[in-house]
Amino acid sequence: MNLRHLLVALLVIVLSAIMGSAAVWQYCRGVDRIAELERFRDLIRQTPRRIPAADLPATKGELVVRLSGRFDLEHQILLDNQIRDGQFGYRVWTVLRSEQANVLVDRGWVAGSSSRDVLPAWQTPDRPVEVTGHWRPLPQAGIATHGNPCPVARWPVRLHYPSAETLACALDRSLLPGMLQLLPDSPHGFARDIELPGLPPERHFAYAGQWAGLTLALWVLIWIVWRRRER
């Protein structure tokens, strides 16, 4: 075996190791994701607990909670470019003001208009309310977004996955670091499903299959080339 053949063999072994490791990692991540989703489904079936709003960050998303307060009708946020069942719309974010803290509440999805100049209409109660939900981190876009206004000249405002700093600037007040996602059976919300951030298990298994397929294709290609050289 000459030096060129040795280098090719080493390259094939290294590539196979990398792609095989990626396939195993994606498969294990899919298995772990199934376990995470099962724990999450058990979590949201719990009886909601009433805790002070200021204690929410300490729960680390491990409790379903019940909060009381008043919605801030004057400063509401529409999370832009949200697709549900193939239809364009927004997620409505409203601040719940309690005696202990200001909590951002994800109330669910509303359909958008065919014109970007027309905002959807939705109802927000002007009275003390009680809501139940799951405490979670702020959602993040897969690709960094820019252009969120601060200060905000007109409400309600459309924002693109704002950070905690952007929200504090736009609302001109401090918020707890996270958001309360309303449960499907909680009042004062719109179309919504409780989702755990991250990819579904099926996506991880699909990626694992792709990496395994690439590894197999590499070895088949090497075998074909080797057979042709023998002939």
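**A look at the salt bridges**

Modeller: Let's start with Arg-70, which makes a salt bridge with Asp-126, their closest N and O atoms sitting 4.0 Å apart. This pair joins distant parts of the chain: Arg-70 belongs to strand E2, while Asp-126 is in the loop between strand E4 (102-111) and E5, 56 residues apart. Keep in mind that this is a predicted model. As for how open the two partners are, Arg-70 counts as partly exposed because its relative accessibility is 38%, and exposed means over 50%. Asp-126, at 61%, is exposed.

Strand E2 turns up again in another pair. Arg-66 and Glu-130 meet through their side chains in a salt bridge, at 3.5 Å from N to O. Arg-66 lies in strand E2 (residues 64-84) and Glu-130 in strand E5 (residues 129-136), so this bridge ties together parts that are 64 residues apart in sequence. Both ends are partly exposed: Glu-130 has a relative accessible area of 37%, and Arg-66 has one of 24%.

Now for Asp-42 and Arg-45, whose side chains meet in a salt bridge at 2.5 Å, N to O. Asp-42 is partly exposed, with 43% relative accessible area, whereas Arg-45 counts as exposed at 59%.

There's also a group to look at: Arg-29, Arg-33 and Glu-36 are linked in a network of salt bridges. Taken over the whole structure, the count comes to eleven salt bridges.

Terms used. Residues are numbered from 1 along each chain as its sequence is written. This is a predicted model: local features need pLDDT of at least 70, side-chain atom pairs count only at pLDDT 80 or more; totals for chains, interfaces and linings use all residues. Side-chain values use heavy atoms; hydrogens and water are left out. Buried means under 20% relative accessible area, exposed over 50%, partly exposed in between (1.4 Å probe, protein chains only). Helices (H or I, at least four residues) and strands (E, at least two) are DSSP runs, numbered from the N terminus.
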